[in-house]
Amino acid sequence: MWVHYTDMVIALLQLPAAVAVWWAGTGPKASAAGPSRAAVVSFALLLGGAALRLAAGALMLPWGWEFAGPRLVFVAPALVVAATVYLVWLRPAGGPSDELPVRYRSGQARVAALAGAVGVVLVAAMAELAGTSAAVATGLAVLGASALGWAFRKLPRRPGAGQAGWRPAAARAAIGVALVLAVTAGVSAASVLPARSGMTGGAVDTGGGAAEHQHLGGRSVTELTGTDTAAAGDAAVDRFTLTAQEATVRLDSGEQVAAWTFNGVTPGPQLLVRQGDLVEVTLVNRLPGVGVTLHWHGVDVPNAMDGVAGVTQDAVAPGASFVYRFRAVQAGTYWYHSHEMSSVQVRRGLFGALVVLPRDAPVRDDDTVDETVLRHIWGNEDGVATLGLASGVQRRAVPPGRQVRLRLVNTDGDPATFTLTGAPVRVAAIDGTDVHEPGVLPGARILVGGGARYDLVFTMPDQPVTLRADGPAIVYSPHGDAGPDSAAAPPVLDPARYGTPAATAFGADSHFDRRFTLRLDERLGFYDGRPAVRYTLNDATFPDVPMLMVSDGDLVEVTYVNRSGQHHPMHLHGHHMLVLSRDGRTTTGSPWWVDTLDVGPGETYRVAFRADNPGMWMDHCHNLEHAASGMILHLGYTGVTSPFQTGSGTVNHPE
Ligand code: C2O
Ligand code: CU
């Protein structure tokens with residue numbers, strides 16, 4: 001990824017270089033006596049930068065055209081044009097001894113050529129820095145500036161102002177600055193989000209499906225409450241009440257955190273249910289002045305129960321409540337969190353674990369230790385990392401011979417490295433789905449992406465076992481008195497090669513009804529009127545990213561291409577995705593099912609899922625700061641509509 005960032009920095013440096021060329025190359029001196037030295041030097045820098053950017057593109061070729069292509073396509077022509085102008089321009093078009101009219105004409109032609117050359121390099125730089133539409137806007141601005149300059153030259157001269165040429169420097173500078181400010185203000189204003197935006201009527205991507213599928217409408221998401229959520233006679237109903245409220249919590253460091261909690265604790269109470277049970281959770285909001293919702297991360301609930309403010313419901317107002325009902329179909333490790341202002345609310349503590357025990361497992365089992373380990377970061381991104389509320393070392397006593405299951409949950413957006421040393425271990429499940437025939441590893445080192453879950457199982461030996469999570473740690477030992485070991489970290493687990501293959505209903509060679517490609521980029525620009533790093537999906541940000549349209553029953557393929565330098569844990573609500581390949585290589589281990597897939601810098605993943613849960617579903621980056629800068633889109637089913645809206649004019653701010 002250093003290539004990517006080097007390229008970005010060069011593109012960034014080209015902006016002042018372009019201004020310098022323009023300034024020095026179009027001034028009165030240049031007009032009268034050919035290019036000044038400053039102009040030649042800055043033009044050389046501009047060209048050198050373009051050549052380096054071309055090289056960066058070439059270096060990226062092995063990663064695939066999606067990575068190299070945009071650079072080569074934009075930069076190569078720019079370099080050719082600019083180099084031609086450079087060569088021509090360097091040749092004196094007329095010396096100081098020439099007749100004035102000749103010099104005047106050549107000066108104008110030169111200025112025009114220069115504008116073109118600087119313009120194309122600028123446009124190529126902006127395409128990388130700010131995206132295609134910003135590049136187009138830059139091109140238009142350069143054209144506009146040239147036209148202005150042209151008109152300016154035609155103005156009558158002040159008496160005694162001398163020969164033809166530009167007005168004094170101050171005037172030129174003022175025009176330039178005004179133009180840049182105007183364009184910036186325009187772009188900023190254009191990025192302001194609408195006060196209300198609905199889920200229907202926007203742009204759609206049909207993924208190669210039929211055109212009539214573009215029409216939304218029909219059933220409302222509120223009707224999609226599930227077919228098996230009536231309390232059937234035999235099934236147990238697990239009832240919980242979660243009250244969102246303020247509380248001060250104490251980290252083990254002694255630090256007091258003003259948290260937002262469920263039932264006064266954070267992480268919120270662990271909801272333990274049995275597979276097949278009906279789960280009924282009443283959410284009560286006692287937070288002052290903010291709405292809240294509950295989203296069941298990783299559980300394929302009926303759409304109306306998905307808990308996304310502005311998509312499947314209105315945020316629950318202070319004093320109000322909402323009842324969620326769904327059947328716990330699949331055993332595994334999940335978590336819940338608020339999906340209203342989630343980048344703020346999750347960080348402040350509105351989350352907890354949801355564990356679905358297998359149908360036949362005993363509720364209390366004295367032979368096993370089953371612990372959910374939630375890794376959270378308090379404060380901001382660089383805040384304190386904890387397991388539960390402990391940032392230091394926790395000690396637990398576990399008698400040798402016990403079966404231990406650790407359910408690792410990463411509630412943060414950045415991937416966290418968990419290591420387990422001291423016992424042979426298996427990775428039993430990923431994102432709530434069992435791994436097929438997980439092999440025994442001498443120790444585990446796992447990159448748990450944002451929002452993802454990994455279950456580790458081991459038999460307690462008579463020596464200590466250390467679980468580390470990039471800072472905080474838990475040591476399991478027979479008497480609970482051992483400190484962390486100093487064992488070397490095992491190699492990183494590759495889920496694409498772990499376990500053994502098993503039959504799946506579809507795979508890499510299946511015929512797909514819909515195919516979508518999502519390019520993940522980072523761009524400089526504005527989001528909602530403020531300067532921001534924009535995390536874009538196919539060059540767009542929420543709510544402008546076209547909705548992916550499917551029909552009930554479709555087999556869908558999605559390719560995620562991460563061209564940015566950041567990890568993007570892509571989370572699709574309501575469905576589980578089968579990972580087909582990474583960077584073009586088909587997975588060889590156990591079927592790898594995910595609901596949140598960490599797509600690393602430079603990585604390309606192909607995934608597939610069956611569209612079997614009608615509704616309107618968020619598909620977003622679970623680095624919630626990225627989501628809040630626009631990295632959100634939706635999966636829509638034909639025949640489904642949503643009455644809810646998001647935006648400053650509503651109660652809903654799902655991101
Ligand atoms: Cu864990 Cu859309 O969320
Ligand atoms: Cu992201």
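This is a predicted model: local features need pLDDT of at least 70, side-chain atom pairs count only at pLDDT 80 or more; totals for chains, interfaces and linings use all residues.
In strand β20, Phe-458 is the bridge partner of Val-404.

## Around strand β20

Strand β15 (residues 403-410) runs antiparallel to β20, and 7 bridges join the two. Strand β17 (residues 426-430) also runs antiparallel to β20, here with 4 bridges. How many of the residues of β20 are buried? For β20 (residues 453-459) the count is 6 of 7, so the strand is largely enclosed by the rest of the structure.

## The whole chain

Stepping back, the protein holds 9 helices and 36 strands. It has 655 residues, of which 53% count as buried. Its C-alpha trace spans about 100 × 55 × 55 Å along the principal axes.

## The copper site and its sheet

Which residues coordinate the copper ion (ligand 2)? The donors are His-568 through ND1, Cys-621 through SG and His-626 through ND1, at 1.9 to 2.1 Å. Written as a sequence pattern, the spacing of these donor residues is H-x52-C-x4-H. The two histidines come from distant parts of the chain: His-568 belongs to strand β27 (residues 568-572) and His-626 to helix α9 (residues 624-628), 58 residues apart. Both are shielded by the protein: His-568 counts as buried because its relative accessibility is 0%, and His-626 counts as buried because its value is 4%.

Strand β27 also takes part in an open sheet of 6 strands, ordered β2-β25-β34-β33-β27-β31, with mixed pairing. At the edges stand β2 (204-205) and β31 (596-599); each has a single partner strand, so one side of each is left without a neighbour in the sheet. Between β27 and strand β33 (residues 616-621) the pairing is antiparallel, over 3 bridges. One of the residue pairs there is Leu-572 with Asp-619, the latter in β33.

## Salt bridges

Side chains of opposite charge can pair when their charged atoms come close. In this model the count comes to 24 salt bridges.

| Salt bridge | N to O distance |
|---|---|
| Arg-519 with Glu-66 | 2.6 Å |
| Arg-563 with Glu-66 | 3.9 Å |
| Glu-280 with Arg-239 | 3.2 Å |

In the salt bridge between Arg-519 and Glu-66, distant parts of the chain are linked: Arg-519 sits in strand β23 (residues 514-527) and Glu-66 in helix α4, 453 residues apart. Arg-519 is partly exposed, with a relative accessible area of 27%, and Glu-66 is partly exposed too, at 26%. In the salt bridge of Arg-563 with Glu-66, Arg-563 lies in the loop between β26 (555-562) and β27, so the pair ties together parts that are 497 residues apart in sequence. Arg-563 is buried, with a relative accessible area of 12%.

For the salt bridge of Glu-280 with Arg-239, the partners come from strand β7 (residues 278-285) and strand β4 (residues 237-250) respectively, so this pair ties together parts that are 41 residues apart in sequence. Buried or exposed, where does Glu-280 fall? Glu-280 is buried at 13% relative accessible area, whereas Arg-239 counts as exposed at 57% relative accessibility. Salt bridges that share partners also build one network, which joins Glu-66, Arg-519, Asp-521, Arg-523, Asp-539 and Arg-563.

Helix α3 has 23 residues and reaches 33 Å from its first C-alpha to its last, close to the 33 Å expected at 1.5 Å a residue. Its buried residues include Phe-43, Leu-46, Leu-47 and Arg-53.

Leu-61 counts as partly exposed, because its relative accessibility is 43%. Together with Trp-65, Val-73 and Phe-74, Leu-61 forms a nonpolar patch on the surface, and the four share about 400 Å² of accessible area.

Methods: Residues are numbered from 1 along each chain as its sequence is written. Chains are lettered from A and ligands numbered from 1 in the order in which they are written. Side-chain values use heavy atoms; hydrogens and water are left out. Patches are made of residues with over 30% relative accessible area and no salt bridge: like charges are joined within 9 Å, nonpolar side chains (Val, Leu, Ile, Met, Phe, Trp, Tyr) within 5 Å. Accessible areas come from the Shrake-Rupley method with a 1.4 Å probe; for residues, only the protein chains shown count as cover. A salt bridge is a side-chain nitrogen of Lys or Arg within 4 Å of a carboxyl oxygen of Asp or Glu. Buried means under 20% relative accessible area, exposed over 50%, partly exposed in between (1.4 Å probe, protein chains only). Donors are N, O and S atoms within 2.8 Å of the metal (3.2 Å for Na, K and Ca); water is not among the atoms, so sites may look incomplete. Two strands pair if DSSP finds at least two bridges between them. The expected span of a helix is 1.5 Å times one less than its number of residues.
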